[in-house]
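Q: I am new to this structure and would like a close look at one part of it. Please also say how that part sits among the rest.

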Amino acid sequence: MTYRAPKGTDDILPPDSRAWVRAERTFLDLAERYGYEMTLTPLFEATELFSRGVGEATEVVEKQMDTFIDKGGRSVTLRPEATASVVRAVIQDGGVAGIFKGAYWGPMFRYERPQKGRRRQFMQAGIEYLGEVAPEADVEVIEFGFRYLELLGVPDVEVQLNSIGTAADRSHYRSELLAFLDERVDRLSHDARARMQANPLRVLDSKADSAVTADAPTPIDHLGDESAEHFAGVRQGLDRLDIPYRIEPRLVRGLDYYNGTVWEYVPRGFDAAQSSVGGGGRYDGLFELLGGKPTPAVGLAMGLDRMLLAGGDQAVGPALDVFVAVADSERRAAALELVSDLRRSR
């Protein structure tokens, strides 16, 4: 019998693995420069952490989670994303005192139809900036992702930017959006009709319904004064740092915990099942939702598989710096000592 890797997973062997090692080293170095320290959480969590934190009406929870019952009869899920796990860990550790800046790197799992840029096991790198409400925090996190893509040589990246406002902003917007969708309900997909009452913003996130919702009202046109001021501060900060961005009024992201600023990084020439190579947003309400104290928060996640695809064939450099050849077999012992000295001198 011949065994193969599970569907939707990949073996990464040398020399291809060099690009992955370079991506990890670059990320860890950049995170250190920005003041983010490594945060390690389990690969699986209680299923309720994700269903409650990510959102019952999201595609991730409804269709994509790898969930099973463990030997103790508990429902557990392989993590589909890391933010909920990081927030759970910080709450369990006593919460945020001042500012917390954490980084993570590792595999995530979503059960979906495998295709280019969309795998059942995929690698994500991300940062979480906790405890700061000012728009400068959003700007720092957005800049981090953009600079990371620059360092990896991903070409022609555009930041697509939007604000979905506070919960209060969305309560006013929700009724207007529902009225719009009700008038067109017969043209919506089955998934959109199922989700529109629980969370109509998810319909804006549906590519299958993009033609129907092309003229739908957008969150950015229904921002309160506080949200509008915050979003203006984010745009001003990005302008000062020369980060190229475009306002995308229909961008809402696929997870329910977001509020305020949301964004995605889209290489203009990248053709895959999912054109975004990363994104993030503010999620000020997630701590309370998971049983913690109110804590402002903003973060991002970068899809390593997609980033390397979008970057094309990047020269990573040779596997060896020095090669020692032994022409005289009697010099083998001396060569061994020389190689050992070279290895220890790095």
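Which residues in H5 meet which residues in H9?

A: This is a predicted model, in which local features need pLDDT of at least 70 and side-chain atom pairs count only at pLDDT 80 or more, while totals for chains, interfaces and linings use all residues. Residues are numbered from 1 along each chain as its sequence is written, and side-chain values use heavy atoms, with hydrogens and water left out.

On the H5 side the residues are Pro135, Asp138, Val139 and Ile142, and they meet His230, Gly233, Val234, Gly237 and Leu238 in H9. Contact means heavy atoms within 4.5 Å. Helix H5 covers residues 135–152, and helix H9 covers 225–240. Helices (H or I, at least four residues) and strands (E, at least two) are DSSP runs, numbered from the N terminus.

The two helices pack with their axes 8 Å apart, at an angle of about 45 degrees. Here axes are lines fitted to C-alpha atoms, for helices over the stretch in contact, and angles run from 0 to 180 degrees between N-to-C directions. H5 is therefore oblique to H9; angles under 35 degrees count as roughly parallel, over 145 as roughly antiparallel, 65 to 115 as roughly perpendicular and the rest as oblique.

Thr213 is buried, with a relative accessible area of 0%. Buried means under 20% relative accessible area, exposed over 50%, and partly exposed in between (1.4 Å probe, protein chains only). Leaving aside neighbours within four places in sequence, Thr213 is in contact with Phe180, Leu181, Leu188, Val203, Leu204 and Arg250.

Leu181 and Leu188 also belong to the largest nonpolar core, which has 41 residues; they are among those with the most contacts inside it, together with Val54, Leu177, Tyr257 and Tyr283. Helix H6 (residues 167–182) gives the most to this core, with 5 residues. A nonpolar core is a set of buried Ala, Val, Leu, Ile, Met, Phe, Trp, Tyr and Cys residues joined through side-chain atoms within 4.5 Å. Tyr257 touches Gly53, Val54, Glu81, Thr83, Arg282, Tyr283 and Leu286, not counting residues up to four places away in sequence. Another core, of 40 residues, lies apart from the largest one and includes Ala137, Tyr148, Leu161 and Met307.

As for the strands, 8 of them form an open sheet of mixed pairing, in the order E1-E5-E6-E11-E10-E9-E7-E8. Two strands pair if DSSP finds at least two bridges between them. Strand E1 (37–38) and strand E8 (245–247) are the edge strands, each pairing on one side only. Strand E10 (residues 278–282) and strand E11 (residues 297–303) pair antiparallel over 5 bridges, and Gly279 stands opposite Ala301 in E11.

An open sheet of 3 strands has antiparallel pairing in the order E2-E4-E3. Strand E2 (44–46) and E3 each have a single partner strand, so one side of each is left without a neighbour in the sheet.

For the whole chain, there are 12 helices and 11 strands, and buried residues make up 48% of the 346 residues.
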